[in-house]
Amino acid sequence: MNAQMNETSTDVAVLIGRFQPFHRGHVVLLQRALVSAPHVVLVLGSSFQARNAKNPFTWEERAAMIGATLSEEERARVSFVAVRDYYDDTLWAAAVRKAVAQSAPDAAHVALVGHFKDASSYYLNHFPKWENIVVESERAIDATCVRRVFFEAEDLDISLSVLDDMVPPAVRRYLKAWALLPHYAALVEEHCRIVAYKTAWKSAPYAPIFTTADAVVVSGGNVLLIRRGGYPGKGQWAVPGGFVEQRERLLHAAIRELAEETKLALLGATLEGMLVDVKVFDHPDRSQRGRTITHAHFFDLQTENLPPVEASDDASHAAWIPIVELAGMEDQFFEDHFHILDSFLSLSQEPV
């Protein structure tokens, strides 16, 4: 990449993306950013979460992957900042602005470089005080296609050769080395399960919307969690919960799933009396399986005693976890379950 900087009044150019992985379409955007400002801030979205088939690479891995495509001079001009998914546009935009300000505190003129690919690009409109530099894409490449080739490989070398036209050579080398890590096989399995799950619903006359119910249960400074026993999210921590049955109320579904997965020996009527709050989590991208709206029910047992629990049904493990430990476990949680807990227990500091 040999972008030469032009004379410009822009102090910093910002490029936002998940870069899962970094492909040639991203290269075009980064080249434009490098010629637009002396300092470029790459915002690595969907950070600090557990690996999954949609977001397989950590923010550190993505920074290394992108850095490998840059010259020494370009690397000196590029900063990487990691931002989590807040599943709330206002919070997320504030976090991005804060991260950019910390990376470039003296920047008076900020430009946002982007390409309006589809409806998912709406986030570019959340920064009205920044100049917009819109880049038209000459290559119809998206990371979903790259991941599909990478995870559906019968022969990895053949699949990587298919990616030659999609990713820079340095990224192809990175992917080949990364595929030797233990994460790869598990994510291949998860990807295949999700593809099969979506295929089973292809014949539906309308895209399905799934409804689930979860139970956030606290007692004596602890919260009751499970480890998922199957894909997606096998082995990751989660709030007990599951799909609502046809003739079931939401509250009753949350209590049933709680009993099935943890064997918590409390009567449903008793738990109903301990219900403190209910919140709906409906972000369109909160689940890989499709549009899934969950209703999280917050129960406070109001006791210092921890009732015995035992994993069952879809859970491989059930345990009471001290609430003070949760903030350090963010990258171990399934989908948005850390954010569900955060909304009730105030685990992370919100951006200002």
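What covers the buried residues of α7? The cover includes α2, α5, α6 (156–162) and α8, and the views below start from there. This is a predicted model, in which local features need pLDDT of at least 70, side-chain atom pairs count only at pLDDT 80 or more, and totals for chains, interfaces and linings use all residues. Residues are numbered from 1 along each chain as its sequence is written, and side-chain values use heavy atoms, with hydrogens and water left out.

**View 1. The buried residues of α7 are Ala 170, Val 171, Leu 175 and Trp 178.** Buried means under 20% relative accessible area, exposed over 50% and partly exposed in between (1.4 Å probe, protein chains only). These residues sit on the same side of α7, because they cover an arc of only 135 degrees around the axis; the arc is that of the directions from the helix axis to the C-beta atoms. Helices (H or I, at least four residues) and strands (E, at least two) are DSSP runs, numbered from the N terminus.

**View 2. Val 40 touches Ala 13, Leu 30, Ala 33, Leu 34, Arg 77, Val 78 and Ser 79, leaving aside residues up to four places away in sequence.** Contact means heavy atoms within 4.5 Å.

**View 3. Ile 323 lies in the loop between β12 (315–322) and α11 (337–345).** Ile 323 counts as partly exposed because its relative accessibility is 21%. Not counting residues up to four places away in sequence, its partners are Val 218, Gly 221, Asn 222, Val 223, Leu 345 and Leu 347. From Ile 323 to Leu 341 there are 18 residues in sequence and 9.4 Å in space, C-alpha to C-alpha.
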